[in-house]
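Subject: Structure handover

Hello,

Here is the structure for you to look at. My notes on it follow below.

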Amino acid sequence: MKKILVFFMILASVSAVFAGGSKESTSSEKTGAYTWILTESDDSILPGVNPLEVKGTITAAGSSTVFPLSERMIERFKNEGYSDNITLDSIGSGAGFERWAVQAESDISNASRPIKDKEVTAAQANGREPIEFRLGTDALAVVINPANDFASDVSLAELALIFSTAKKWSDVNSSWPSEDIKRFIPGTDSGTFDYFVEEVFNKDKEPILSAANTQLSEDDNILVRGVEGDKYAIGFFGYAYYAENSDKLDVLSIEGVEPSSATVDNATYPLARPVFMYSSANIMHEKPQVAAFIAYYLTYVNEEIRDVGYFPTAKEDLDKAKMNWMKAMEGKL
Amino acid sequence: MKPDIDASFFEKNLSKTLQTKELFIKGLLNFFALISIGVTVGIVYILSVEAFLFFSGGEVSILEFFSSIQWQPVIKKFGILPLLNSTLMTSLIAMLVAGPLGIFAAIYMSEYASNKFKAKVKPILEILAGIPTIVYGYFALTFITPFLKNIFGNDIVDVYNTASAGIAMGILIFPMIASMSEDALSAVPIGLKQAAYGLGATKLEVSTGIVLPAAVSGIMAAFIVGLSRAVGETMIVALAAGAGSNFTFNPFKSAETMTGYIARISGGDIGYDTVDYNSIFAIGIFLFFITLVLNIVSQKIIQRYREIYD
């Protein structure tokens, strides 16, 4: 009995090791023709895409912030007739680039921060010259429990205190209760974490990671649950996760500005940041379905983005993304 | 076991083809047995190599690894104690739940229950052991934690805490302990019990005074296997115990365990040459070492305390 149990325990751990280690084969099914291109287009720059004609699989991975938006676009893409498989993994921006640039396994990398130099180098070593597609803007939401009746607006300096050396709420503001601050933050592999550290701690990870009572997770739903369940909790993540859970969470104003489409559009909200998608010309040539999906995404993203909980980017940024697409596909269409 | 005389007798008299067939089957079975050993050796090898990289990188000393109470590899804090502490805490809580439950259930099944009842209940217990651990994880998160909050107060109990994870784990391993203890209790020779009954002992006296002491080695072995299962359990603690290292002895605070950390860090695709990546192997080999020691101890206990009545 015991031997059998031990054997199964070993077996289980072995299978876990193999599951983690196996590389997905990057099957490059060349469909050759660009039959999905329509003569008429809903976009002034990009060609029209007919999802019915798009064949072949697509793999995308990366930021959990971008995840809800990509999920929505994939849903729409499928509703309009795309019938193959798109895998979309929510693993964090850093992990997304690891998979796209270093391992060269995925076709598209979602990111809530721009690509880093060393990631560009890694991608080039794999023959992938990164192309950036700006998708929209996120207002990083700092959220608290609805039962929290003392905090509603914090300055960036207070925010830095809350997520680092302050042990109790009263350490930040003497009129706040003398209760431990429970922190729920995105994991170190996440673009949201990187962005927050850059904006609030001037790129120094030490203070935020040394703080007591800190839970880190790449899964934003774990953070939502944590803040939802504790009166003295605070956390931050992409605005979409707040929008989806606005009945369970309250959002803080930063420097007197509440995140909203008005404050993001006029650039007064201090924690607004761009969200991106990355791919490369050679991937788009080898797998035309990837090019089709990106073109479709960029064409219709503004029709969906507000509903998901993010904010449309300025027209010139989106146009630049579309021009990047046209440049990548030059001579192929 | 007595040497089997019959086998050699048949071997001499078997026909040639049958003998080769036997040899073939013997070889095949041998091969399968070797696979399991080979796999174990392979795991230990990989774990050792990667863990060696972790310690030889110059950023971590073994002394710091075992003495510092801060674990945060990204900012070069490498003390395994907070993770080890919460692993031990969740396991201890699990054993506090599973131990008494398991023994009582085992005594009831082997001494009191009718055969008909036993035949029905044992499979049900085994179903309990077959529930996927992720279900237990959500059970801990969405049932046990709110339950604890109701009893001890909302502000005392964290959303993620080691107590709820430990209790769920206790429920998970209790059938295993019950089943193994029941095997041990049933193996006690009937003559012993009959002698006690003959001397006028009651059922309770026989169960606790005769059967339990006679089966103690098997029960202790069951406990230790249960404990090593608890130490290695991942999904429940990853979901319910918390996602940040925390050196605390308060079971209502969140604290990440060793397995929870491995699960969280390897959840995304982390860079292969980073400290985070190597750190999970250092923790892995340490975990392996703990369960290995527990298994050796349980073997020794069985050998040492086994009461032989034949």
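The domain bounds used here come from an automatic or database domain assignment. With those bounds, chain B is divided into domain 1 (5-56) and domain 2 (71-305). This is a predicted model, in which local features need pLDDT of at least 70 and side-chain atom pairs count only at pLDDT 80 or more, while totals for chains, interfaces and linings use all residues. Residues are numbered from 1 along each chain as its sequence is written, and chains are lettered from A and ligands numbered from 1 in the order in which they are written.

Domains of chain B

The centres of domain 1 and domain 2 of chain B, taken over C-alpha atoms, are 31 Å apart. Eight residues of domain 1 of chain B are in contact with seven residues of domain 2 of chain B (contact: C-beta atoms, placed from the backbone, within 7 Å). On the domain 1 side, the touching residues are six nonpolar, one polar and one charged. Here Ala, Val, Leu, Ile, Met, Phe, Trp, Tyr, Cys and Pro count as nonpolar, Asp, Glu, Lys and Arg as charged, and the others, Gly among them, as polar.

A sheet in chain A

Helices (H or I, at least four residues) and strands (E, at least two) are DSSP runs, numbered from the N terminus. Two strands pair if DSSP finds at least two bridges between them. Chain A has an open sheet of five strands in the order β10-β9-β11-β7-β12, with mixed pairing. Its edge strands are β10 (214-217) and β12 (250-251) of chain A, each pairing on one side only.

A residue is buried if 20 or more other C-beta atoms lie within 10 Å of its own, exposed if 12 or fewer, and partly exposed in between, with C-beta atoms placed from the backbone.

Two backbone angles in chain A

Asn213(A), in the loop between α7 (206-210) and β10 of chain A, has a positive phi of about 55 degrees although it is not a glycine. Asn213(A) is buried because 20 other C-beta atoms lie within 10 Å.

Ala104(A) also is not a glycine, and has a positive phi of about 50 degrees. Ala104(A) sits in the loop between α3 (93-102) and β5 (108-111) of chain A, and is partly exposed, with 18 other C-beta atoms within 10 Å.

Regards

Technical notes
Contact = placed C-beta atoms within 7 Å.
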